[in-house]
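I opened my notebook to look at how two chains meet.

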Amino acid sequence: MSMQIFNEQATEEKAENARLSSFVGALALGDLVKSTLGPKGMNKILQSASTGEINVTNDGATILKSIQLDNAAAKILVNISKVQDDEVGDGTTSVTVLASELLREAEKLIGLKIHPQTIVEGYRLASGIALEALQKSAIDNGKDEKRFRIDLFNIARTTLSSKVLSQDKEYFANLAVDAVMRLKGSIDLEHIQIIKKVGGKLTDSYLDEGFILDKTIAVNSPKRLQNAKILIANTSMDTDKIKIFGARLKVDSTGKLAELERAEKEKMKAKVDAIAAHGINVFVNRQLIYNYPESLLAEKGILVIEHADFEGVERLSLVTGGEIASTFDRPELVKLGRCELIEEVMIGEDKLIKFSGVAAGEACTVVLRGSTSQMVDEAERSLHDALSVLSQTIKETRTVLGGGCSEMLMSNAVETYARTVTGKKAIAVEAFARALRQIPTILADNAGYDSGELVSKLRAAHYDGKNEAGLDMDHGSIGSMMELGVTESYKLKRQVVISATEAAEMIIRVDDILRAAPRRREAV
Amino acid sequence: MSQLAIDPNSAVYTTDEYGRPFIILREQGRKTRAHGLEAIKSHILAAKTVANIVRTSLGPRGLDKILISPDGEITVTNDGATILGQMEVEHQIAKLLVQLSKSQDDEIGDGTTGVVVLAGALLEQSEALLDRGIHPIRIADGFDRACAVAVKHLDQICETIQFSSDDTENLLKTAKTSLGSKIVSKEHTQFAQIAVDAVLQVADLERRDVPFDLIKVDGKVGGSLAETKLIRGVLLDKDMSHPQMPRSVKDARLVILTCPFEPPRPKTKHKLDITSVEEFNKLREYEKEKFADMIKRVKDTGANLVICQWGFDDEANHLLMQNELPAVRWVGGPEIELIAIATQGRIVPRFEDLTKEKLGKAGIVREISFGTTRDKMLVIEDCANTRAVTIFVRGSNKMIVDEGKRALHDAICAVRNLVVDNRVVYGGGSAEISSSIAVSNAADEIPSIEQYAMRAFASALDAIPLALAENSGLSPIETLTEVRSRQVTEKNSKLGIDCNGRGENDMKKQFVYDPLISKRQQYLLATQLVRAVLKIDDVITSGQSEE
């Protein structure tokens, strides 16, 4: 017996119904992205309903972000994959798949009348054991520069092998490692600029040794300049308003107006003189430069680049070592940027500005080419994933083996542990091991191999003490991941297990879904 | 109501174009009225519905709820106050219950589920009494007397626990009890430790006062719950205003400004007319001077970090950088206050007021970055005043971070309550069972019909251990009766429901505490509400105006 205490349009789902609806939602989402997992995973076409724009991708986070969902549990999964993207940059599919597999197992257990909290308890124990096993298997090559580079290269290759770039993964892996190494330990990916230009083929992409700014040089300025001394500025170069509040012009004759206009011009001229006093030959401004100051600067033989966006300016200051200036009265205090050569280059059909021989060089540019814009977009996402993982690996240098090897390792450790657990939670611990084993199974399934056969072989190999064994996706057999160089970041794998367990736990604990009446929107 | 009776309020007398009079009556069909027993019963039903919703989240093995807001936002929680607060109840009595849990939340901060379950149970019991023809006011009186007995009994069975800033064992256990029912129980010990440390850091044990505004709970998605940290200082979701300012400042001396880096702006409306070139030039000079002057004033105080509530334009920004004054802009009001408290600096509203004495001091201010996005935060640590703390919650998704914050708030409240009043009763339903026995004994001595109401109160108290047992997957009635009889035969009021299956019913041995004031407040609030509901005997809903 109950009574309507909510708004008429509000709904409530209780106990079994609530659980059913959240499990169904989560499982559906898991199944959706499952087929994109691994090197032989498939792509999805996402078509926007409003603009009809098409997007081809196999990046879990991108797929999930574009789906409109109404299911609460599914939304939680989308959120973890987004967080995974922000935190590590890759493994967005794995985390969703693992969480949904954990829920699939939990659903069976609830069918067996096991209390949700008992399942949660079991999962917690199991994830602790799994993480411990993962940590034990991690290898740290951070001290040895040469080996670390190989590690990075392998990680990049593994990440890229499941993306559109897999054809040229060696090439792009090298490119990504070089780009990250250029940052000299910084992990701010904003400093790696990716310029996309349609045309050419994927392997025409390159890492520029200098820095490329997607802007054009002003008309009157020289197109090529050697030994540039650059002033990077963020200042308005139009009229430079009086900032005092309430100030306005009030004149009683046109003559006076003209005088004031002249004074304004004088002011601008003084500013240009101040800028020129820095002894520069290149002036880059974040904001627009109007015709008048531009011509003044050009007269002084200064190369002018206007309207460089915020990131552009910041990156430029990082590469050339100059500071971003806004006042120009104390030239001796302003650090100028330097580079050997500035020139206008053509990529495809567009003109860009290239700064080569830069002083500091803590930022770099990757130029991506590809036959279609979808291709270039997907290439960018893939490269971004690889770069994020690499930059995170520089911070946390430990690595683990991929190809289902780590999952099998964890699964076995959990399974062995399950035997020592007493009470009902042992069943949940076993279920956790099964869910982990699903990852290599899906990997094999996606490649069209006999997953039952392969995974059982893999499991046996691990019990046999072959801790490096994983799935060799090129031959459809078991191989040593160490020899094949299939390496993944430890941080990534760890985060996958943690996030998936936390999300699964959260969903298992729910027994009631209350949906408030949707807010009425004004008719469009 | 007869057909002929005309309500003068809803009737309009008017004439048509020929001057013939007629009366327009507003439609009566939408107006509803419920009164007498019928009204009370429908209220009881509504209250029961609300109580039933939160009932399943009671106790360490209670389950969570997903709440979907009108905008599709998701909240996953098992905090009673949050559930009720966000479920957008429309029924008027249900709203009262929402208020009830909110006032428990405001006053005590914990036990918000328990109070609603108790109120629901009391109303359920009174329904049976109403059927027997007992007048609602007599029932309410009986409940009041029973409540007085129960509260007095709580005072008797409570125990004082000892703690000091060095011996936090007991505080930790209380925090653990409060956290036991939340999702953060995964990192149980760690969260309990954080809550206790935070409270002890800010608490004034002499005066038994815990200034809550010094504890800030902040969260960010990413990492896992285990990475949640207590920061002995202030955390700001901001970064330095210029990308080339230093990323960390040691031995920071902070200027805390609430005025923008702009030329002064009089409050009165004014206009400044520029009529000639000289004036224009003068104004230009003035502006420049003003900026230089502002920077100079800041620099003269010996400060090396500027915290500003407002923005400053590019020129000011660059000047600051040039003068080696790292700056943070757009810092919100509450944060500014917290920084001022933590660093013992004064908030300065005008540049003219800047003096050396007004600077805040902090050991280190540094920028930290997260993951692959550009998110940066500023940490101000080793402050002059060590009493301001920030708890920084991490978690793998947004919902878990939010729930983590709520759980910590509850735990902090539970610890605070102990600092304020260090008497505790034992949890796991033991206090309820014991009070229930006391109330039913007292009932026998009452000569009037209130006796029945008191017995009903005793049964209602049983609802809490019943729900606990049910949520833990135990057979509720069997478990309760066993514990109840053991309490009487062993004369041990600490026996409760063994929710976690540890094979131990003595709550003292399981270390399940609840602050006495929290329990007492629950009883008092629930009884008060029930009285209010029983006293309503007529509800008139006027027809909704048509839109």
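Which side chain of chain B meets A:Glu121 in a salt bridge? I looked it up in this predicted model. The partner is B:Arg61, with 3.5 Å from N to O. I then counted the salt bridges between chain B and chain A and got five. I also found 17 residue pairs in polar contact between these chains, both residues at pLDDT 80 or more.

Next I listed what chain B brings to its side of the contact. Several elements supply at least two residues each, among them α1 (36–55), β4 (64–68) and β17 (389–395). By class, I noted 31 nonpolar, 30 polar and 22 charged residues on that side.

I checked the extent of the contact. It takes 86 residues from chain A and 83 from chain B. The buried area is about 7600 Å², and carbon and sulfur atoms give 56% of it.

Strand β20 of chain A (residues 510–515) runs parallel to β4(B), joined by five bridges. There, A:Asp512 has B:Lys65 as its bridge partner.

Last, I turned to β17(B). Seven of its seven residues are buried, so this strand is largely enclosed by the rest of the structure. B:Val389, B:Ile391, B:Val393 and B:Gly395 point one way, while B:Thr390, B:Phe392 and B:Arg394 point the other way. I recalled that side chains in a regular strand alternate between the two faces of the sheet.

Which strands pair with β17(B)? Strand β7 of chain B runs parallel to it over seven bridges, with B:Lys220 opposite B:Arg394. Strand β8 of chain B pairs with β17(B) in the antiparallel sense over three bridges, and B:Lys229 stands opposite B:Phe392.

How values were computed. Residues are numbered from 1 along each chain as its sequence is written. Chains are lettered from A and ligands numbered from 1 in the order in which they are written. This is a predicted model: local features need pLDDT of at least 70, side-chain atom pairs count only at pLDDT 80 or more; totals for chains, interfaces and linings use all residues. Side-chain values use heavy atoms; hydrogens and water are left out. Contact means heavy atoms within 4.5 Å. Buried area is the accessible area (1.4 Å probe) that two parts lose on being put together, summed over both. A salt bridge is a side-chain nitrogen of Lys or Arg within 4 Å of a carboxyl oxygen of Asp or Glu. A polar contact is a pair of N or O atoms within 3.5 Å; within protein, one must be able to donate a hydrogen and the other to accept it, and residues adjacent in sequence count only if both atoms are side-chain atoms. Helices (H or I, at least four residues) and strands (E, at least two) are DSSP runs, numbered from the N terminus. Ala, Val, Leu, Ile, Met, Phe, Trp, Tyr, Cys and Pro count as nonpolar, Asp, Glu, Lys and Arg as charged, and the others, Gly among them, as polar. Two strands pair if DSSP finds at least two bridges between them. Buried means under 20% relative accessible area, exposed over 50%, partly exposed in between (1.4 Å probe, protein chains only).
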